[in-house]
Amino acid sequence: MVQFIQPQRCGYLMQQTYSPRSGPSGEGPRPVLSLHHAAKTFGPVVALAEGTIEIQAGEIHALVGENGAGKSTLVKILAGLHHPDSGDFKVSGESVQFRHVGDSKAAGISVIYQEPTLFPDLTVAENIFVGRQPKGRLGLISKAAMVREASMLFERLGVPIDPTRIAEGLSIADQQIIEIAKAISLDAKVLVMDEPTAALSGVEVDRLFAVARSLRDRGTGILFISHRFDEVFGLCDRITVMRDGRYISTHRTIDVAVEQIVREMVGRDIGALFPKVAAEAGDVVLQVEGLSRAGVFRDISFEVRAGEIVALAGLVGAGRTEVARAVFGIDPYDAGEIRFEGRKLKAGDPQAAITAGMGFVPEDRRKQGLVMNLSVARNVTLTLRNKLATAGLINGAAERRAAEEWSKRLQVKTGSQEHAVSTLSGGNQQKVVLAKWLATDPRLLIIDEPTRGIDVGTKSEVHRLISDLAGRGIAILMISSELPEVLGMADRVLVMREGRITAELDRADASPESVMHAATSSAGGTP
Amino acid sequence: MSSALDHKKVTPPAPGAGRGRGTLASVLRLRELPVLIALAVLVLVTYLINPLFLSPQGVKDLLLNATIIIILAAGQTLLIITRNIDLSVGSMLGLVAFGTGSIFSSMPGIPIVAVFAIGMAFGAVLGAFNGILVTVAKVPALVITLGTLYVFRGLNNAWAGGKQFFAGDRPDAFGALSVDTLLGFPIITLLALAVVTAAAVYMSGTRPGRDLYAIGSDPDAATAFGIKVSKRVFLAFLANGALAGLAGVLYASRFNSVGATTGTGMELTVVAAAVVGGVAIFGGSGSVAGAALGALLLTTITSSLTALRVDKFWQQAIVGVLILTAIIIELVASLRTARKLRISEARNV
């Protein structure tokens with residue numbers, strides 16, 4: 001079903017010096033970096049249960065896994081940003097324990113993030129040499145030498161960047177190249193690239209890969225994290241799969257197929273966790289037709305019926321939140337039409353969306369959904385101000401009554417309505433946000449990542465609540481990056497990939513494999 | 001890395017950036033250029049209308065008026081570049097100036113060099129106090145130094161009461177520093193130039209100096225990069241205090257009387273000088289030389305407007321317009337960068 005052309009891999013097959021072997025441990029040459037059984041918890045949240053990775057010199061090693069599989073935590077451990085609670089970490093065969101970023105750098109590990117953090121006011125050359133600028137006469141920094149060395153690095157990378165310009169305004173791709181130049185000048189033995197291609201165009205990706213291959217051929221070990229299977233299979237020599245914070249497997253790329261990797265990424269029991277109450281789908285509430293926004297999403301069409309839960313699945317960055325924001329009128333769109341209960345909805349006007357009967361529960365409760373320092377009561381009644389006001393002044397007693405009623409209905413656990421929302425747990429905060437919107441009596445609720453950052457116990461409570469709302473005839477559009485949540489809750493699943501809907505699956509057809517496939521590969525899953 | 005210095009010359013990789021054009025372009029890109037042009041135009045126009053403006057005595061007065069602000073602006077630049085600020089400089093100057101008068105009064109025979117050392121050390125202590133509060137309490141410098149502005153001023157009031165020290169209380173050699181000239185320059189102006197040069201070299205030519213730029217450019221990135229942000233910021237406050245101390249001693253040399261209100265309101269002129277001189281108020285860019293030029297421009301404007309017989313009340317408004325102009329220039333520059341970014345992204349797609 002899916003074919004990947006891998007012209008570049010013959011390059012390493014001919015080069016016998018560094019021949020990567022399969023398997024996580026032992027049998028190959030001594031790895032330049034090895035991390036075994038690393039664990040990291042933040043309070044009650046287990047971010048990494050068992051992180052294991054081995055990187056050989058002269059290989060490009062892919063790390064894949066769903067959102068929340070623990071990849072980022074693992075990267076931060078390698079970078080010295082997080083300190084693992086336990087585990088065995090070796091660089092070049094020596095045990096290491098990083099206290100801060102400087103230790104990781106000194107050990108020869110360079111990490112390039114999706115969006116590099118350069119100093120915008122400093123020149124490109126200075127950004128490469130911050131803290132170790134070459135010195136000239138009188139012990140002062142020699143700008144000429146700095147520019148010359150930077151030029152040589154860029155020449156070596158085959159990328160023309162003017163070392164004397166300031167970093168502000170550089171494209172992400174150029175910023176990444178500068179980070180790579182920095183890594184080379186630091187003599188990095190291991191280069192970690194955390195989703196470097198997410199913000200790049202096709203030409204830029206090719207350029208980055210050419211640079212990565214030439215570094216590999218010189219003996220650098222590269223850890224490449226990506227959601228795009230074509231890239232993983234086109235570029236990498238070995239693949240390590242993680243799931244739920246655990247190491248699952250390591251394969252040689254030539255020995256494995258995409259289907260198997262997908263299976264390993266998602267393989268777990270689903271279904272029993274989130275019982276969706278069956279509900280008859282009613283009339284069409286929301287109809288989206290040919291919605292497009294240049295560079296963000298394209299040709300998005302779907303509908304949501306009363307009492308139905310429609311999940312918008314896909315990987316982070318696929319454009320799901322952007323679509324939801326456009327539907328709710330927060331962001332503009334270039335083409336297409338949104339109809340709410342048959343009537344055309346004004347573009348770019350959230351107030352119109354609310355008046356029509358829409359609610360929006362954003363992903364980031366702390367920043368967008370709640371006023372953290374205000375009381376529970378105030379937050380619940382934020383959307384009701386006009387209804388509760390007499391002659392423009394809010395009636396305090398009416399506000400309290402409304403807040404109490406909704407908090408009771410959603411079982412918000414709080415000591416007092418007057419406590420600041422910031423004192424509640426994540427799950428209860430989410431209930432307050434839901435209460436806030438339910439009080440407006442909406443016909444459609446858009447919920448972005450309903451259980452992000454919520455502990456497992458409260459999670460199912462939030463799920464039951466959403467399912468219950470659908471049962472009462474509210475149409476629900478849910479964005480979720482958690483496959484079990486999508487599969488357990490949704491009547492229908494829309495899968496997005498790179499700004500387009502690549503699959504629409506009914507509950508019966510939606511499986512981890514089918515969703516993951518549509519979310520990651522261009523060839524698969526299109527209906 | 002040093003072996004790399006011997007490598008063959010590499011052609012500049014930027015397309016169309018030939019060496020000759022590069023030099024001209026880099027002069028035109030100088031942030032100090034607008035203020036330099038403004039200063040030249042101002043001096044020229046005033047001179048054409050009132051030629052006395054550029055007489056030897058006229059030039060000497062211009063420089064003397066600018067000297068103290070130049071030193072304070074140099075110190076302030078260190079802080080503004082790191083996204084900090086010190087509003088207490090006027091109060092620090094007042095304390096040190098009064099202290100200088102009081103030392104000479106109680107110990108008439110003390111060597112002048114010792115007074116300079118004591119004044120700078122006193123200023124450094126005051127600056128360090130600000131620095132500790134900012135880096136340990138993690139409260140914005142604007143708030144902290146607004147507080148110490150009043151604390152230091154209050155100390156000055158309590159100490160001085162209604163007392164003032166006059167030039168007659170101080171040795172003649174001390175007062176002569178701001179009267180005598182060397183090659184046409186007042187001695188204290190030469191001192192200020194030396195300070196500005198040292199600060200400028202530190203900021204552009206040393207690693208700790210460049211760290212200050214990195215800190216102001218992106219404090220989080222600087223921390224993540226392993227730059228010792230707190231230490232650097234603390235030292236910048238300390239250095240600024242020492243410079244304010246130096247300015248305080250010079251103030252006592254230059255002006256007749258020092259008392260409880262000496263230096264009141266000076267902090268705003270100092271910050272204005274730095275901003276007009278191209279030091280970005282949000283940190284990360286600007287130069288000590290630019291701030292010094294800004295100080296010279298601000299004090300020259302006052303003299304020039306007086307020479308042109310412009311009503312004194314208009315002078316402040318004109319200074320205000322100058323500050324706004326500097327900020328607008330800043331804004332236009334950053335908008336241009338943003339547009340360039342969009343163009344370069346569009347090309348890549």
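How many residues has helix α11 of chain B, and what span does it reach from its first C-alpha to its last? Good morning, colleagues. Helix α11 of chain B has 26 residues and reaches 37 Å between its first and last C-alpha atoms, close to the 38 Å expected at 1.5 Å a residue. Please bear in mind throughout that this is a predicted model.

The secondary structure of chain B comes to 14 helices and 4 strands. Of the 349 residues in chain B, 42% are buried. Consider also the contacts in chain B between residues at least 6 apart in sequence: 81% of them join residues at least 24 apart.

I turn to confidence. The model as a whole scores ipTM 0.77 and pTM 0.71. Chain B averages a pLDDT of 84, and 87% of its residues score at least 70. Where in chain B is confidence lowest, and where is it highest? The lowest mean, 58, belongs to helix α1, residues 19–29, and the highest, 95, to helix α11, residues 229–254. Over residues 1–20 of chain B the pLDDT is below 50, and this stretch has 24 contacts in the model beyond near neighbours in sequence. Residues 345–349 of chain B also have a pLDDT below 50, with 7 contacts beyond near neighbours in sequence. Where pLDDT is low, the predicted coordinates should not be read in detail.

Let us return to helix α11 of chain B. Because 20 of its 26 residues are buried, α11(B) is largely enclosed by the rest of the structure. One partner is helix α3 of chain B, residues 56–81: the axes of α3(B) and α11(B) come within 8 Å and cross at roughly 170°. The crossing angle therefore makes α3(B) roughly antiparallel to α11(B). The residues in this contact include B:L64, B:I68, B:I71 and B:L72 of α3(B), and B:F237, B:L243, B:L250 and B:Y251 of α11(B). By class, the contact of α3(B) with α11(B) has 16 nonpolar, 4 polar and 1 charged residues.

A second pair of helices in chain B has another geometry. Helix α4, residues 89–106, and helix α12, residues 266–276, pack at an angle of about 125°, with their axes 7 Å apart. That angle makes α4(B) oblique to α12(B). The contact is made by B:V89, B:G90 and B:L93 on the α4(B) side, and by B:M266, B:E267 and B:V270 on the α12(B) side. These residues divide into 4 nonpolar, 1 polar and 1 charged.

Finally, I come to two helices of chain A. Helix α6, residues 172–185, has 14 residues and reaches 20 Å, close to the 20 Å expected at 1.5 Å a residue. α6(A) is mostly covered, with 11 of its 14 residues buried. Among the buried residues are A:I177, A:I178 and A:I180, together with A:D174, A:E179 and A:K182. α6(A) is followed by A:D187, whose phi is positive, near 60°.

Helix α7 of chain A, residues 202–217, has 16 residues and reaches 23 Å, close to the 22 Å expected at 1.5 Å a residue. Which residues of α7(A) are buried? They are A:E204, A:R207, A:L208, A:V211, A:A212, A:L215 and A:R216. Just after α7(A), A:G219 takes a positive phi of about 105°. Thank you for your attention.

Methods. Residues are numbered from 1 along each chain as its sequence is written. Chains are lettered from A and ligands numbered from 1 in the order in which they are written. This is a predicted model: local features need pLDDT of at least 70, side-chain atom pairs count only at pLDDT 80 or more; totals for chains, interfaces and linings use all residues. pLDDT is the predictor's confidence in each residue, from 0 to 100. Two residues are in contact if their C-beta atoms, placed from the backbone, lie within 7 Å. The expected span of a helix is 1.5 Å times one less than its number of residues. A residue is buried if 20 or more other C-beta atoms lie within 10 Å of its own, exposed if 12 or fewer, and partly exposed in between; C-beta atoms are placed from the backbone. Axes are lines fitted to C-alpha atoms, for helices over the stretch in contact, and angles run from 0 to 180 degrees between N-to-C directions. Angles under 35 degrees count as roughly parallel, over 145 as roughly antiparallel, 65 to 115 as roughly perpendicular and the rest as oblique. Ala, Val, Leu, Ile, Met, Phe, Trp, Tyr, Cys and Pro count as nonpolar, Asp, Glu, Lys and Arg as charged, and the others, Gly among them, as polar.
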